[in-house]
Amino acid sequence: MATPLPEPDQDKYDADERVKIICLGDSAVGKSKLMERFLMDGYRPQQLSTYALNLYQHSATVGGRSVLVDFWDTAGQERFQSMHPSYYHKAHACIMVFDVQRKVTYKNLANWYKELRDYRPEIPCLVVANKIDADAKVTQKSFNFAKKQGLPLYFVSAADGTNVVKVFKEAIHKAISYKQNSRDFMDEVMRELENFELEQTEQDSEKEDEEEEEEEGAVP
Ligand SMILES: Nc1nc2c(ncn2[C@@H]2O[C@H](COP(=O)(O)OP(=O)(O)O)[C@@H](O)[C@H]2O)c(=O)[nH]1
Ligand SMILES: [Mg+2]
């Protein structure tokens, strides 16, 4: 039997905006370490092992508005070089990570990027070169993949914290502005459906109210 998702807490209802940010990249490039580093103060990891993912929630204030960020981290499924479609579903931004000490993890970015674009053709994506603490000279190298795809590249270290906050803040900003300005076809369809469902429920409850009033009126 599937474990039920954890109970949502108050933050979720109070936030003005809510975005989902996913993390992609090979095993052991430091995805989890980066998330933990960013969320170090008071992060609340939730192990959803049934769903093969870790969910971290983070509250931020951007432009005076409160934002709830759902960070999705893989939990081993990346070993198979592919993620379940639900991982990508309705994501608003992606942080793609490779390990500067393992060339193959850089080469594999192309595969991750292709899968990302199959599901989410339009969302902002950031490329992160992690573990620069192990080799400072690496920041002089050019990594053409990011340039070729027109993606921003950041040199970071989850171990000593270099540029970690910067990358995550950037990702949150991009996610919000994507969500607010999205002309993504699938997003629009989803929005339409959500509005439709809302209207339906409102109409149904109005109808019920009327019926109740009628019934009440019938009682002498
Ligand atoms: N030197 C160094 N090691 C790191 C860094 N980030 C992660 N690691 C190490 O790399 C390994 C894999 O990290 P993890 O976050 O589990 O990778 P994931 O599989 O992508 O989530 C662990 O042993 C980490 O301690 C970093 O910035 N510098
Ligand atoms: Mg991990």
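Here are some notes on this predicted model, point by point.

1. Some housekeeping on conventions. Residues are numbered from 1 along each chain as its sequence is written, and chains are lettered from A and ligands numbered from 1 in the order in which they are written. Since the model is predicted, local features need pLDDT of at least 70 and side-chain atom pairs count only at pLDDT 80 or more, while totals for chains, interfaces and linings use all residues.

2. The overall picture: the protein has eight helices and seven strands (DSSP runs numbered from the N terminus, with helices being H or I of at least four residues and strands E of at least two). Of its 220 residues, 30% count as buried. Buried here is 20 or more other C-beta atoms within 10 Å of the residue's own, exposed is 12 or fewer, and partly exposed is in between, with C-beta atoms placed from the backbone. Among contacts with a separation of 6 or more, 72% are between residues 24 or more positions apart (a contact means C-beta atoms, placed from the backbone, within 7 Å).

3. Which residues come nearest to ligand 1? They are G30, K31, S32, K33 and A159, out of 14 residues around the ligand (near means a C-beta atom, placed from the backbone, within 6 Å). Helix 2 (residues 31-38) gives the most to this shell, with three residues. By class, the shell has five nonpolar, five polar and four charged residues. For those classes, Ala, Val, Leu, Ile, Met, Phe, Trp, Tyr, Cys and Pro are nonpolar, Asp, Glu, Lys and Arg are charged, and the others, Gly among them, are polar.

4. Helix 7 (residues 164-181) has 18 residues and spans 26 Å from first C-alpha to last, close to the 26 Å expected at 1.5 Å a residue (the expected span being 1.5 Å times one less than the number of residues). Its buried residues are V164, V167, F168, A171, I172, K174, A175 and I176.

5. Now the packing of helix 2 on helix 7. Their axes come within 9 Å and cross at roughly 90° (axes are lines fitted to C-alpha atoms, for helices over the stretch in contact, with angles from 0 to 180 degrees between N-to-C directions). That makes the two helices roughly perpendicular, a label for 65 to 115 degrees; under 35 is roughly parallel, over 145 roughly antiparallel and the rest oblique. L34, R37 and F38 of helix 2 meet V164, V165 and F168 of helix 7. This contact has five nonpolar residues, no polar ones and one charged.

6. V67 sits in strand 4 (residues 65-74) and is buried, because 20 other C-beta atoms lie within 10 Å. Leaving out residues up to four places away in sequence, V67 touches A15, D16, E17, V19, A60, T61, V62, I172 and I176. The C-alpha atoms of V67 and V19 are 7.5 Å apart, although 48 residues separate them along the chain.

7. T105 belongs to helix 4 (residues 103-107). Is T105 buried or exposed? Buried, because T105 has 22 C-beta neighbours inside 10 Å. Beyond four places in sequence, T105 touches G25, D26, V29, F98 and D99.

8. Two backbone spots to look at. Most residues other than glycine have a negative phi. K90, not a glycine, has a positive phi of about 60°, and K131 has one near 75°. K90 is in the loop between helix 3 (85-88) and strand 5 (93-99), whereas K131 lies in the loop between strand 6 (125-130) and helix 6 (144-149). K90 is partly exposed, with 15 other C-beta atoms within 10 Å; K131 counts as buried, with 23.

Terms used. Contact = placed C-beta atoms within 7 Å.
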